[in-house]
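Please walk me through the fold of one chain and the contact that it makes with its partner, with the cut-offs given as each term comes up.

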Amino acid sequence: MNNHVVAMHISNGIIDGPVSGIYAAIAAAAIAVCVLRARADLDDRLAPMAGLVAAFIFAVQMLNFPVLPGVSGHLLGGTLAAILVGPWVGALCVTVVLVVQALVFADGGVTALGLNVTNMAVIGTSVGYLLVVVLLRARVPLVWAAFVASVAGVVIASQGFVLQYAFGGAETPSIGEVAALMAGPHVLIGIGEGLITAVTVSAVAKARPDLVYALRTSRRELVTV
Amino acid sequence: MKTRVFLLVGLLVALGLAGVVSNFASSQPDGLDSVVRDGCTYDAEDNKTGGTCVADRTEDTETADSPLADYGIKGLDNRYLSTGLSGVLGVLITAGAGGGLFWLVRRRKPVETSA
């Protein structure tokens with residue numbers, strides 16, 4: 001059983017029940033907003049693309065890569081999803097992956113789902129997307145924007161767990177210790193995520209630039225400015 | 001490249017990654033898991049051998065009895081097949097659930113033109 005990774009997300013019990021419940025409500029509200037906003041982006045062409053993006057993120061999340069002795073990491077996927085299908089649909093893509101993993105693969109507790117969705121789907125995707133937009137406006141090439149935004153998205157999403165731990169975690173280790181323990185490996189995981197995101201986005205941009213949402217948006221904004 | 005071809009190629013890449021490449025993934029705990037296990041020691045079989053850590057708080061997942069729990073297929077002894085097939089099923093389930101939901105909530109074209 002231990003030749004492959006068993007748990008990749010927050011399990012039940014790590015964060016106490018009340019805080020998990022509050023985060024479930026936060027996640028549900030964020031998802032509701034995303035569904036409403038996503039409808040403006042979701043047309044006959046984006047809908048199947050979004051399904052593919054979700055499936056691709058599921059696949060790549062299985063591919064843990066080594067980052068430190070005894071520590072691995074995997075894609076979270078928020079920045080990749082946001083670049084390809086936009087922030088609203090992108091957050092929903094990551095959410096679909098997390099729901100399938102919790103319900104079917106017993107990865108990440110069902111009670112803990114709101115914690116995982118908030119960190120990876122909501123924080124990861126929004127931080128990644130905001131940075132990509134800023135960098136593209138500053139005329140940074142898409143590949144570099146994708147890389148930098150991925151690193152930041154992963155590190156900040158991982159600190160989302162630290163906040164949850166502060167509200168509903170254990171007494172020891174202390175919050176400061178957890179923050180430091182999380183930051184180190186997640187900078188390295190972010191670099192791995194950045195490489196995967198940059199390669200994937202470049203491949204799509206080469207084959208079908210019109211299917212890269214971030215390119216459409218930045219062009220539209222440049223025209224309107 | 002036609003959209004349909006693009007989607008098909010993308011799905012095949014995802015299936016290959018989840019079905020084959022997944023068997024070469026690192027089996028070490030990930031960033032989060034390593035933090036949660038910090039302070040505990042584990043043997044080669046991944047059983048806890050001592051110490052205290054946040055992972056002590058872990059409770060069973062509601063879906064622990066799922067036939068695909070822990071990215072394997074219950075009852076399938078060949079670990080490569082088990083991991084690979086569970087990955088293939090996961091990609092298909094995610095594509096089906098995600099694609100289906102997105103298709104259902106999508107904006108219909110006539111609405112756009114009349115707006």
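Reader: What percentage of the 225 residues of chain A count as buried?
Author: The model is a predicted one, in which local features need pLDDT of at least 70 and side-chain atom pairs count only at pLDDT 80 or more, while totals for chains, interfaces and linings use all residues. Residues are numbered from 1 along each chain as its sequence is written, and chains are lettered from A and ligands numbered from 1 in the order in which they are written. A residue is buried if 20 or more other C-beta atoms, placed from the backbone, lie within 10 Å of its own. By that cut-off, the share of the 225 residues of chain A that count as buried is 61%.

Reader: Which pattern does chain A follow along the sequence?
Author: Helices (H or I, at least four residues) and strands (E, at least two) are DSSP runs, numbered from the N terminus. Chain A has eight helices and two strands, and, read along the sequence, their pattern is α-α-β-β-α-α-α-α-α-α.

Reader: Which helix of chain B gives the most to the side that touches chain A?
Author: Counting two residues as in contact if their C-beta atoms, placed from the backbone, lie within 7 Å, the contact takes 67 residues from chain A and 58 residues from chain B. On the side of chain B that touches chain A, at least two residues each come from α1 (3–19), α2 (31–36) and α3 (79–105) of chain B. The helix that gives the most to this side, with 15 residues, is α3(B).

Conventions. A residue is buried if 20 or more other C-beta atoms lie within 10 Å of its own, exposed if 12 or fewer, and partly exposed in between; C-beta atoms are placed from the backbone.
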